[in-house]
Amino acid sequence: MSEAFLLEVDGLRIETEGPEPRALLEGLSFTLRPGERLGIVGESGSGKTMATRAIPRLLSPGVRIVAGRIRFDGRDLTTASEEELRAVRGAGIGLVFQEPMTSLNPALKIGRQLAEGLALHRRLGDAEMRERIVAMLRRVRIKDPEAALDRYPHEFSGGMRQRIMLASVLLLAPKLVIADEPTTALDTLSQREVLELMVELTAEFGTGLLLITHDLGLVAQYTDRALVLEKGVLVEEGDTRQVLSAPKHPYTAKLVGSMPKRVEDRQPVADTSPVLEIDGAVVEYAGKSGLLRSAAPVRVIDGVELTVRPGEIVALVGGSGSGKTTLGRASLGLKPLAGGEIRFRGVPLGQMSRGQRADFRRAAQLVFQDPFSSLDPRMRIGEIVGATLRHVPGIDRAERRRRVAASLADVGLTGFGDRLPHQMSGGQRQRVAIARAIVGDPDLIVADEPVSALDLTIQLQVLSLMQRLQAERGFACLFITHDLAVVEQIADRVVVLDQGRIVEEGATEAVFADPRSGYTRELLAATPGLALRALAEA
Amino acid sequence: MRVNVALGYGLTGLLIAVILLGFVWLPYDPIAIDLDHTLARPSLSHWLGTDEFGRDVAARAMLGARISVLIALQTVALAIALGTALGVLGGFVRGWTDRLLMTASDAILAFPGILLALAMIAVLGPSRHSIVIALAIAYLPSTIRIVRSAVLSIREREYVEASRVAGDGALYTMWRHVLPNATPPIIVLATSMFGWVVLSESALSFLGVGVPPPEPTWGNMLSSARPYMHGAAYLSIAPGLCIVATLLGINMLGDALRDRFDPRAGR
């Protein structure tokens with residue numbers, strides 16, 4: 001009966017090489033029928049990427065398959081020669097990678113790039129090749145595909161590049177497409193576009209799809225069956241709906257439980273004078289200047305009005321390029337304004353006295369998205385957290401040490417002060433960044449996508465930590481994110497930004513229940529976490 | 001990997017030992033001429049033989065080590081110190097300062113380094129000091145460029161922004177966050193530059209504008225050995241091997257040091 005399966009993986013075991021091998025994948029078995037869509041879910045370190053790299057035998061050096069069998073389309077790939085594998089890769093199994101910025105060769109025009117794969121596997125004339133490429137680009141909804149052939153990858157946005165990548169994979173009409181976190185680098189709307197296309201086209205061509213992701217929402221929306229991996233072990237397998245709505249294994253239940261939830265018991269914010277007022281702010285970047293023409297500045301923020309009151313959590317939502325990060329930086333005086341004014345506790349940022357400025361640096365803090373680049377790799381955790389206090393008057397060394405310890409204890413990292421950043425996990429690093437922000441007892445924290453680089457369970461921990469600290473200390477928070485599911489959990493008010501302008505603003509519940517702008521409605525529809533919740537509540 | 005580290009420490013240690021030994025003991029007077037024993041083959045009395053003036057090659061190589069290494073150290077120190085300061089300045093301040101620095105470096109880079117050094121020595125007169133100054137200036141532009149590009153990428157890291165959020169001044173940020181994280185490329189640069197300087201100094205001596213005779217350097221030893229290549233190849237082999245061993249040792253030491261200073265390198 002094995003002929004019914006396109007892919008059969010049986011007892012796959014992968015270990016690191018070396019004198020003390022470590023198992024990365026312990027006996028994984030699963031099957032995939034032609035045209036079926038299978039999701040593989042897991043957090044970092046679960047071995048999900050390893051498993052899928054192993055199928056076309058593209059493992060990186062240092063790890064190897066020690067046991068198990070991979071049958072694809074009636075052929076045993078574990079024993080296939082390198083030559084046979086080359087014929088299978090591309091033509092039989094297509095791969096879409098996570099990073100559209102690096103998976104296309106920046107030095108090749110799109111046309112050349114797509115023709116390369118085709119020329120390798122199919123014997124076609126130039127005209128026919130061109131025709132097929134243009135037709136496929138049209139299918140992935142690239143505007144003006146003829147012109148696109150002569151463009152370079154950098155002329156396309158991330159979402160478009162990922163669609164071009166998809167086109168290049170589908171051109172060879174593979175029987176299986178493996179997509180490894182294909183939309184993690186994209187914003188919500190581009191993500192939806194890419195995945196809808198992927199599902200539509202694979203269904204049409206009868207191609208099997210293996211979607212690897214950490215995002216349960218995507219699995220819920222786009223797959224038939226799902227596998228859940230935990231630390232190299234398959235813990236649950238089954239119909240996607242079944243797995244997500246009635247998880248059997250505690251780990252799956254924990255994952256599902258980590259999805260952001262609606263919270264109803266937020267205290268209403270008192271109507272006091274605002275801590276942050278953004279009044280008609282305009283931020284411009286120098287445009288590209290040519291040889292003869294001078295640069296016209298590009299407006300990234302265009303007349304934004306926004307206030308944040310003490311103790312209020314305002315979510316700033318938008319896709320990539322919406323200007324949300326820039327607005328966050330501008331609120332902290334890190335980006336010069338080309339127009340308008342930003343006031344902190346009533347004082348314009350540009351007109352602060354020396355003392356006011358020093359206090360502003362204590363009272364307004366920033367938590368970054370990437371916990372790996374936001375901590376100086378050469379400094380100890382204690383020094384990093386204490387840096388905020390260097391300019392606060394009246395704090396001596398002993399007091400500083402005491403406050404740093406208290407702050408670290410508050411984020412659950414007691415005794416970590418002597419470590420270096422690389423000795424900590426992503427979640428721990430992000431908690432260090434939070435400790436650094438709260439150590440000076442701030443009035444405002446700008447949090448720029450603080451959880452989007454983290455695994456789902458860690459996301460929940462960090463979010464709850466921020467919520468708890470906010471409730472205890474009462475700071476205001478400008479929470480920048482692209483994920484509406486997170487917004488619903490944490491924010492009092494939502495501000496939706498599109499191309500540097502506010503398109504919607506209101507209390508969180510009101511916006512979610514009755515979005516007025518079309519852009520917000522699109523965002524809501526594209527948020528996978530909300531789809532999953534609908535599934536779980538159904 | 002471990003072999004490289006051992007080789008780096010070993011060869012560099014040997015070099016230092018030979019130099020130190022040279023201060024207290026040399027087998028012969030390295031500049032004493034002995035016309036009865038010219039071009040003698042290596043033997044028990046003269047381990048590495050004698051040159052065309054009957055001077056002991058082993059003694060000359062030992063003294064040459066001291067002079068060559070001293071010149072290289074001074075040149076590298078000068079070029080790295082100036083280049084790092086200017087590179088950090090250009091990369092961090094940007095604007096016209098940066099443009100001025102880059103234009104000046106490009107102007108210097110437009111000349112072949114050895115030609116530039118020749119011209120400068122012609123002006124300053126041949127002496128150890130002018131060699132150091134000429135070579136340091138020739139190596140300055142590449143130092144500035146490498147340090148500047150490292151700084152340019154580091155200043156965009158978020159921990160540098162975090163330092164601004166904390167209210168740190170630009171100088172402090174540069175000293176505390178940017179410079180320490182720029183050290184790995186600087187170390188690699190310094191060690192490879194050391195090698196290049198030893199070679200350049202040899203080349204200058206070879207061309208006759210290096211350290212004036214009779215003072216020996218590996219370069220002028222090679223240069224004066226050239227006419228005797230066929231009859232007395234050992235004359236070239238001794239200083240040549242010294243140069244190779246020094247370069248190998250210093251480069252491997254540099255790699256080891258770089259890994260040592262990287263906080264992420266697990267131990």
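This is a predicted model: local features need pLDDT of at least 70, side-chain atom pairs count only at pLDDT 80 or more; totals for chains, interfaces and linings use all residues.
User: Which residues of helix 17 in chain A are buried?
Analyst: Among them are A:Leu456, A:Val462, A:Leu463, A:Leu465, A:Met466 and A:Leu469. The buried residues also include A:Thr457, A:Gln459, A:Gln467 and A:Gln470.

User: And A:Cys477, buried or exposed?
Analyst: A:Cys477 counts as buried, because its relative accessibility is 2% and the cut-off is under 20%.

User: What about B:Cys242?
Analyst: B:Cys242 is partly exposed, with a relative accessible area of 23%.

User: How many disulfides over all chains?
Analyst: Zero, from a search of the whole structure.

User: Switching to rings. How many aromatic pairs are there over all chains?
Analyst: The count comes to one aromatic pair. A:Phe344 and A:Phe360 form it, edge-to-face, at 5.0 Å centre to centre with 65° between the planes.

User: Why does that pair tie together parts that are apart in sequence?
Analyst: A:Phe344 lies in strand 14 (residues 339–344) of chain A and A:Phe360 in helix 13 (residues 354–363), so the pair ties together parts that are 16 residues apart in sequence.

User: Are those two buried or exposed?
Analyst: A:Phe344 is buried, with a relative accessible area of 2%. A:Phe360 counts as buried too, at 0% relative accessibility.

User: Which charged ends sit over rings?
Analyst: One of them is A:Arg390, whose charged end sits over the ring of B:Tyr172, 3.4 Å from its centre. Within chain B, the charged end of B:Arg66 sits over the ring of B:Phe23, 3.9 Å from the ring centre.

User: Which residues of chain B does the UniProt "transmembrane region" annotation cover?
Analyst: The unreviewed UniProt entry gives residues 7–28, 67–93, 100–124, 130–147, 186–211 and 231–254 of chain B.

User: How much helix is in residues 130–147 of chain B?
Analyst: That span is 100% helix and 0% strand, and its end C-alpha atoms lie 25 Å apart.

User: And residues 186–211?
Analyst: Residues 186–211 of chain B are 81% helix and 0% strand, with the end C-alpha atoms 28 Å apart.

Terms used: Residues are numbered from 1 along each chain as its sequence is written. Chains are lettered from A and ligands numbered from 1 in the order in which they are written. Side-chain values use heavy atoms; hydrogens and water are left out. Rings of Phe, Tyr and Trp (its six-membered ring) pair if their centres lie within 6.5 Å; planes under 30 degrees apart count as stacked, over 60 as edge-to-face and the rest as tilted. Helices (H or I, at least four residues) and strands (E, at least two) are DSSP runs, numbered from the N terminus. Buried means under 20% relative accessible area, exposed over 50%, partly exposed in between (1.4 Å probe, protein chains only). A charge sits over a ring if NZ of Lys or CZ of Arg is within 6 Å of the ring centre and within 35 degrees of the ring normal. A disulfide is a pair of cysteine sulfur atoms within 2.5 Å. UniProt positions are given in the numbering used here, feature names are shortened, and annotations may be inferred rather than shown by experiment.
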